[in-house]
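Here's a quick tour of one model, taken a few features at a time. Have the coordinates open and follow along.

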Amino acid sequence: MTPNELNYSPIKKLCLVLVFSIQKLKHYFQAHVVCLVSRENPIKFFMSKPVLSDRLARWYLQFQQFEIVYIPQKAIKIQVLADFLADHPIHYDWNLIDELPDEDAMVIEVQPPLKMYFDGVAHCR
C-alpha cells in the first residue's frame, strides 16, 4: 500500500482490497458468485454516498461487473458449524475407532517453538 492508501478509512481499505482482488483474480470473479464475509458492506457504503469521487466511482463500477454477495461476519460464525454438520451427516452405523493400525501410523516431527518479537507497539480497542 502506498502512504496515501494507509490513511484510508477502514471501509475504503476494504474496498481497495476488493479492487486488488478483482484485478488479480478476475477469472474467478467472472466464473463464480463471490461471497464477501466482512463486518462492513462496501456496496452499501457506495450507495450511501450522495456524490462519488472519481476513485470511488471507478471502484463502484468494478464492483458492479461481478456478482458479489455480502455476508455479515457475525452471521457466519454461528452458521459455519451448522452448515458443516448438514453437509457431512454421520451414518447410523458409524463406529468410533480410537486405535490406528501400524501401517497407517505416521511419524510426527516435533518442531521447535516459534519466537515472536515485538517492537513495543500495542493496539487496543
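## Surface, helix and rings

At 56% relative accessibility, Leu81 counts as exposed, because the cut-off for that label is over 50%. Keep in mind that this is a predicted model. Leu81 sits in helix α6, residues 73-87, and together with Phe84 and Leu85 makes a nonpolar surface patch of about 330 Å². As background, an α-helix has 3.6 residues a turn, so residues three or four places apart point the same way.

Now over to helix α2, which covers residues 10-24. Its 15 residues reach 21 Å from the first C-alpha to the last, close to the 21 Å expected at 1.5 Å a residue. The buried residues in α2 are Ile11, Leu14, Cys15, Leu16, Leu18, Val19 and Ile22.

| Residue | Relative accessible area | Class |
|---|---|---|
| Cys15 | 0% | buried |
| Cys35 | 47% | partly exposed |

How many disulfides does the count come to? It comes to 0, with sulfur pairs needing to lie within 2.5 Å.

What about the aromatics? A search of the whole structure turns up 2 aromatic pairs. In one of them, the ring centres of Tyr8 and Trp59 are 6.2 Å apart and the planes meet at 65°, so the pair is edge-to-face. This pair links distant parts of the chain, 51 residues apart: Tyr8 is in the loop between α1 (3-6) and α2, while Trp59 is in helix α5 (residues 54-64). Tyr8 and Trp59 are both buried.

Conventions. Residues numbered from 1 in each chain as written. Predicted model: local features only at pLDDT ≥ 70, side-chain atom pairs only at ≥ 80, totals over all residues. Heavy atoms only, no water. Patch = residues over 30% accessible without salt bridge, like charges linked within 9 Å, V, L, I, M, F, W, Y side chains within 5 Å. Areas by Shrake-Rupley, 256 points an atom, 1.4 Å probe, with all protein chains shown as cover. Salt bridge = Lys/Arg side-chain N within 4 Å of Asp/Glu carboxyl O. Helix = DSSP H or I, 4+ residues; strand = E, 2+ residues; numbered from the N terminus. Buried < 20%, exposed > 50% of the residue type's maximum accessible area, 1.4 Å probe, protein only. Expected span 1.5 Å × (residues − 1). Phe/Tyr/Trp six-rings, centres within 6.5 Å; stacked < 30°, edge-to-face > 60°.
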